[in-house]
Amino acid sequence: MLSKYHEIIDTLVARFAGANSMNVIQPFSLHPICMLNHVLIRSNGGLLYYAQPGHELVQLLPNEFLLIPARQPVNLAYGKADMPMTGASLMANYTSYLTSITHLSIDDATSIGFSYINFDVEVLEYVNFFDVLNLPTFAIPISGSLLKLFEYILEECYMEKLAKVQALNHATNLLAVEIIRYIYQHQLFVDRLVAKLKYLQDKRILDILKYINKNLNKDLYNKVLAGIANISEDYMGQYFKLAINERPQAYVEHQRMRQALHLLQATSQSIETISREIGLKDTAYFCRRFKNLFGIQASKARNRSFIFSCQLQE
């Protein structure tokens with residue numbers, strides 16, 4: 001099993017998806033939210049708390065990072081807020097709670113807030129490794145190598161240098177490797193890895209994931225996906241959920257909305273064009289789903305100060 005695990009990790013590719021440092025204007029409490037990308041957070045002062053829904057909040061210690069895997073519901077709080085708020089409320093009013101630090105003095109004694117890096121991690125080209133393992137939110141002790149990479153990525157974000165995108169992706173790749181090494185060295189979530197290893201070696205699920213990601217503009221019903229894997233339509237939903245931890249159509253929508261967010265922020269294409277490009281011919285339906293998932297209108301998501309790339313839990 002160990003050799004197979006190493007073979008899979010050798011295919012790892014991490015992609016930088018955003019980073020920032022934030023000052024906290026007033027305390028907030030979010031119950032619960034899901035992140036679109038994986039998020040690694042460091043507190044820069046003040047009290048940052050986290051918990052799985054239904055559990056007591058735990059304080060993030062000064063010598064810890066917090067890893068929030070994508071699409072895993074989590075309760076977050078900064079300081080002592082009177083009442084929990086929804087993710088939608090934060091996304092609509094976040095300038096009342098947070099302001100971006102646009103300079104590099106994040107270690108200034110007057111800075112009370114946090115820094116974060118958004119990223120994706122894939123193995124075998126199309127498999128989101130943390131998603132497959134169904135990792136919960138957990139704290140990671142701050143090591144010298146992890147801290148150095150974290151600070152380098154933040155600094156690189158603020159600078160306009162040659163080959164900036166390549167540098168950010170390279171550093172993010174090393175950051176993901178350090179996180180996976182920590183998981184492996186401390187034997188965390190071993191049972192989850194063992195349970196999923198056979199699916200990570202199953203060509204059928206890899207073919208389905210490849211087809212979805214290369215054909216987001218096409219019809220991706222279960223019947224179509226079952227044909228790719230040469231399995232029955234009735235078995236398709238169960239098989240996919242066992243392998244990827246979610247229903248096929250939920251995965252398809254996630255990939256479509258992630259691509260839509262990328263296109264909104266990276267291009268000037270119209271919302272109607274983007275809707276068609278991700279396979280949704282009804283622009284009004286696309287706008288409703290986008291608002292439901294992210295808590296803001298698609299037209300406002302072009303602003304890159306859009307915090308966390310936050311996906312709301314329905």
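Colleague: What share of the residues in the chain is buried?

Modeller: Buried residues make up 50% of the 314 residues. Buried means under 20% relative accessible area, exposed means over 50%, and partly exposed is in between (1.4 Å probe, protein chains only). This is a predicted model: local features need pLDDT of at least 70, side-chain atom pairs count only at pLDDT 80 or more, and totals for chains, interfaces and linings use all residues. Residues are numbered from 1 along each chain as its sequence is written, and side-chain values use heavy atoms, with hydrogens and water left out.

Colleague: How do you know that the radius of gyration agrees with a compact globule?

Modeller: With 314 residues, a compact globule would have a radius of gyration near 20 Å, and the chain has 20 Å, so the two agree. The radius is taken over C-alpha atoms, and the globule rule is 2.2 Å times the number of residues to the power 0.38. Along the principal axes, the C-alpha atoms fill a box of roughly 60 × 50 × 45 Å.

Colleague: How many helices and strands are in the chain?

Modeller: The chain has 12 helices and 12 strands. Both are DSSP runs numbered from the N terminus: helices are H or I with at least four residues, strands are E with at least two.

Colleague: What percentage of the contacts with a separation of 6 or more comes from residues 24 or more positions apart?

Modeller: Such pairs account for 77% of those contacts. Contact means heavy atoms within 4.5 Å.

Colleague: Now single residues. Why is Asp120 called buried?

Modeller: Asp120 has 10% relative accessibility, so Asp120 counts as buried. Asp120 sits in strand 9, residues 113–123.

Colleague: Which side chains make polar contacts with the side chain of Asp120?

Modeller: One is Asn37, at 3.1 Å. Arg258 is another, at 3.2 Å. A polar contact is a pair of N or O atoms within 3.5 Å; within protein, one must be able to donate a hydrogen and the other to accept it, and residues adjacent in sequence count only if both atoms are side-chain atoms. Not counting residues up to four places away in sequence, Asp120 touches Val13, Ala14, Arg15, Asn37, His38 and Arg258.

Colleague: Why does Met91 count as buried?

Modeller: Met91 has 5% relative accessibility, so Met91 counts as buried. Met91 is in helix 2, residues 87–93. From Met91 to Thr137, 46 residues apart in sequence, the C-alpha distance is 21 Å.

Colleague: What makes Arg302 partly exposed?

Modeller: Arg302 has a relative accessible area of 30%, so the label is partly exposed. Arg302 lies in the loop between helix 12 (283–294) and strand 12 (310–312). Its contacts outside four places in sequence include Leu263, Leu264 and Gln265. Arg302 and Leu263 are 39 residues apart along the chain, and their C-alpha atoms are separated by 8.7 Å.

Colleague: Why is Asn245 called partly exposed?

Modeller: Asn245 has a relative accessible area of 24%, so Asn245 is partly exposed. The loop between helix 9 (233–244) and helix 10 (248–266) holds Asn245. Asn245 is not a glycine, yet its phi is positive, about 75°.

Colleague: Where is Glu125, and what is its phi?

Modeller: Glu125 is in the loop between strand 9 and strand 10 (127–128). Its phi is near 80°, a positive value in a residue other than glycine.
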